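Here are some quick notes from my pass through this one. Have the viewer open while you read.

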Amino acid sequence: MEAILSSFALVAVSEMGDKTQLLAFSLASRFRKPWHVMAGILVATLANHALASSLGAWLSSHVPERVMAGVLALTFFAFGLWTLKPDTLEESDKPSRFGPFLTTTLLFFLAEMGDKTQLATVALAARFQSMVLVTFGTTLGMMASDGLAVWLGEKVSGRVQSRWVRVTAACLFFIFGGLSAWRALR
């Protein structure tokens with residue numbers, strides 16, 4: 001039980017204000033289908049955190065920190081640009097090319113690569129020597145924290161112009177990208 005509770009608490013707290021929480025808010029505002037977005041977050045988190053304990057240790061010992069920071073910077077900048085582009089859902093009633101579930105699953109899985117919660121999952125699995133319990137706890141932590149953003153995003157999306165949500169989210173992604181680029185270049 002200690003492995004689950006420790007994993008839950010660490011990830012739930014560290015996820016507050018994280019880029020994936022911002023992504024959850026953005027996707028909920030964009031698609032307005034909170035259950036689909038939450039299901040995508042669940043699948044992506046389970047897959048990512050299950051891989052984290054085995055793959056994360058290998059990556060951290062073989063990929064230089066500066067290279068990882070550079071890749072993250074490019075990813076943040078790409079998310080920022082993607083966020084600025086209005087989705088077809090805002091302009092028409094046509095469904096998105098991939099839909100909310102698949103889009104969320106893919107974006108969350110990629111956004112979690114090299115993220116602090118993924119690295120925390122690696123460390124927690126090493127400490128408690130239980131991939132299953134740690135993955136369960138970290139996934140619950142992600143669902144709790146990102147669930148707040150999804151449900152808040154759904155409520156706010158009807159009251160706030162989507163353009164301002166996109167611009168604000170893009171600015172935050174650009175800030176994260178700039179910080180990662182700085183880490184890569186120093």
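Predicted model: local features only at pLDDT ≥ 70, side-chain atom pairs only at ≥ 80, totals over all residues.

1. The unreviewed UniProt entry annotates "transmembrane region" at residues 41-60, 67-84, 132-152 and 164-185. I looked at residues 132-152: the span is 100% helix and 0% strand, with its end C-alpha atoms 30 Å apart.

2. Helix H2 takes in residues 19-31, and its 13 residues reach 18 Å from first C-alpha to last, close to the 18 Å expected at 1.5 Å a residue. H2 is mostly covered, with 13 of its 13 residues buried.

3. Have a look at asparagine 48, which sits in helix H3 (residues 34-62). Is asparagine 48 buried or exposed? Its relative accessibility is 0%, so asparagine 48 counts as buried. The asparagine 48 side chain reaches the backbone oxygen of phenylalanine 109 at 3.1 Å. Leaving aside residues up to four places away in sequence, asparagine 48 touches Phe109, Glu112, Met113 and Gln118.

4. The largest nonpolar core has 21 residues, and those with the most contacts inside it are Leu23, Ala24, Leu27, Ile41, Phe108 and Val150. At least two residues of this core come from each of H2, H3, helix H6 (99-112) and helix H8 (131-157). H2 gives the most, with seven residues.

5. Zoom in on valine 150: beyond residues up to four places away in sequence, valine 150 touches Ala24, Ala28, Pro34, Val37, Met38 and Ile41. There is also a second, separate core of five residues, including Leu124, Ala125, Phe128 and Val134.

How values were computed. Residues numbered from 1 in each chain as written. Heavy atoms only, no water. UniProt positions renumbered as here; feature names shortened; annotations may be inferred. Helix = DSSP H or I, 4+ residues; strand = E, 2+ residues; numbered from the N terminus. Expected span 1.5 Å × (residues − 1). Buried < 20%, exposed > 50% of the residue type's maximum accessible area, 1.4 Å probe, protein only. Polar contact = N/O pair within 3.5 Å; in protein donor to acceptor, adjacent residues only side chain to side chain. Contact = heavy atoms within 4.5 Å. Core = buried A, V, L, I, M, F, W, Y, C linked by side-chain atoms within 4.5 Å.
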